Amino acid sequence: MSTPLLWRVLTTVDRGFVGLSGRLRVTGGIPAHLEGRPLLLASNHIGNLDPFVLIAACHRIGVAPRFLLAGGLLDAPVMGPVLRACGHLRVDRASASVGEAYHRAVEALRHSGDPLAVYPEGGISKDPGLWPERGKTGAARLALGGRVPVVPVSQWGAHEAVCWGNPRVTGWDDLKPYLTSYLRGLRRRPTFRVHFGEPVDLSDLRDGRAGDARRAHERIMRAITAGLVPLRADEPDAPRFHDPTRPTTGSSPWRPEAA
């Protein structure tokens with residue numbers, strides 16, 4: 001499957017946006033024997049800007065991932081048609097058709113040469129230390145169902161560029177925190193660190209076998225966390241950057257002292 005022209009254009013725009021917003025540092029990559037093959041990129045989720053940073057980091061290593069997105073984004077009046085035209089895939093987690101959506105994603109994975117980027121946590125971490133939260137087994141089930149490799153991606157720094165903000169934006173008062181925090185971030189120019197780890201070994205696990213999806217999920221999350229540790233070596237407990245809008249009601253079972 002070729003990368004849609006619109007998505008290639010938007011990734012070019014994204015690189016300029018991320019370059020303006022901060023300094024991108026990328027380590028690791030996709031093993032040569034996996035290039036051009038279906039694979040999953042499973043990343044931690046630390047802020048509103050990190051999908052843009054992930055896209056720019058992927059371009060740096062020569063890949064153009066599609067994303068597995070919630071149906072609400074794909075149904076949005078302006079954004080939705082653009083995202084669909086770019087080839088991103090839909091999943092409605094609360095829908096009775098979620099099984100069908102994952103089946104479509106598995107089939108798309110099998111027939112695509114572009115990686116599929118997923119956030120196993122399902123949302124931005126609310127852990128006080130910004131370590132990955134427990135997450136769900138969707139990415140693991142995709143990997144096992146499609147028999148595709150999983151490359152863990154660890155991110156740090158994007159949370160400093162734009163605040164967590166508001167769950168719903170209905171007017172200027174809701175939009176203002178995003179704009180003001182981004183303008184402050186432009187002055188600081190935070191460093192965005194992205195690390196592509198070694199593929200997670202899931203070779204002994206099988207789709208549909210009791211407990212294997214959970215085991216695969218745990219391996220993926222631990223690999224993401226292991227890659228995150230050196231990226232935030234000077235912030236091992238809590239992030240130095242304080243975002244007063246981000247809830248800290250979550251908890252991480254993966255943080256090094258809890259793992």
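# Aromatic pairs and a helix contact

The structure holds two aromatic pairs. This is a predicted model. Phe17, Phe52 and Tyr182 form one aromatic cluster. Phe17 also takes part in the contact between helices α1 and α7.

**Phe17 with Phe52**

- The ring centres of Phe17 and Phe52 lie 5.5 Å apart and the planes stand at 75°, so this pair is edge-to-face; the cut-off for that class is over 60 degrees.
- Phe17 belongs to helix α1 (residues 5–21) and Phe52 to helix α2 (residues 50–60).
- The two residues are 35 residues apart, and the pair links distant parts of the chain.
- Phe17 counts as partly exposed, with a relative accessibility of 28%.
- Phe52 is partly exposed too, and its relative accessible area is 38%.

**Phe17 with Tyr182**

- The rings of Phe17 and Tyr182 have centres 5.6 Å apart and planes at 25°, so the pair is stacked; planes under 30 degrees apart fall in that class.
- Because Phe17 lies in helix α1 and Tyr182 in helix α7 (residues 172–188), the pair ties together parts that are 165 residues apart in sequence.
- Tyr182 has a relative accessibility of 14% and therefore counts as buried, as the limit for buried is under 20%.

**Helix α1 against helix α7**

- The axes of α1 and α7 come within 8 Å of each other and cross at roughly 70°.
- The two helices are therefore roughly perpendicular, a class that covers angles of 65 to 115 degrees.
- On the α1 side, the contact is made by Phe17, Leu20 and Ser21.
- On the α7 side, Tyr182, Gly185 and Leu186 make the contact.
- By type, the residues of this contact divide into four nonpolar, two polar and no charged.
- Phe17 and Tyr182, the stacked pair, are among the residues of this contact.

**Arginine over tryptophan**

- The charged end of Arg134 sits over the ring of Trp254, at 5.9 Å from the ring centre.
- Arg232 has its charged end over the ring of Trp131, and here the distance to the ring centre is 4.1 Å.

Note on methods. Residues are numbered from 1 along each chain as its sequence is written. This is a predicted model: local features need pLDDT of at least 70, side-chain atom pairs count only at pLDDT 80 or more; totals for chains, interfaces and linings use all residues. Side-chain values use heavy atoms; hydrogens and water are left out. Rings of Phe, Tyr and Trp (its six-membered ring) pair if their centres lie within 6.5 Å; planes under 30 degrees apart count as stacked, over 60 as edge-to-face and the rest as tilted. Helices (H or I, at least four residues) and strands (E, at least two) are DSSP runs, numbered from the N terminus. Buried means under 20% relative accessible area, exposed over 50%, partly exposed in between (1.4 Å probe, protein chains only). A charge sits over a ring if NZ of Lys or CZ of Arg is within 6 Å of the ring centre and within 35 degrees of the ring normal. Axes are lines fitted to C-alpha atoms, for helices over the stretch in contact, and angles run from 0 to 180 degrees between N-to-C directions. Angles under 35 degrees count as roughly parallel, over 145 as roughly antiparallel, 65 to 115 as roughly perpendicular and the rest as oblique. Contact means heavy atoms within 4.5 Å. Ala, Val, Leu, Ile, Met, Phe, Trp, Tyr, Cys and Pro count as nonpolar, Asp, Glu, Lys and Arg as charged, and the others, Gly among them, as polar.
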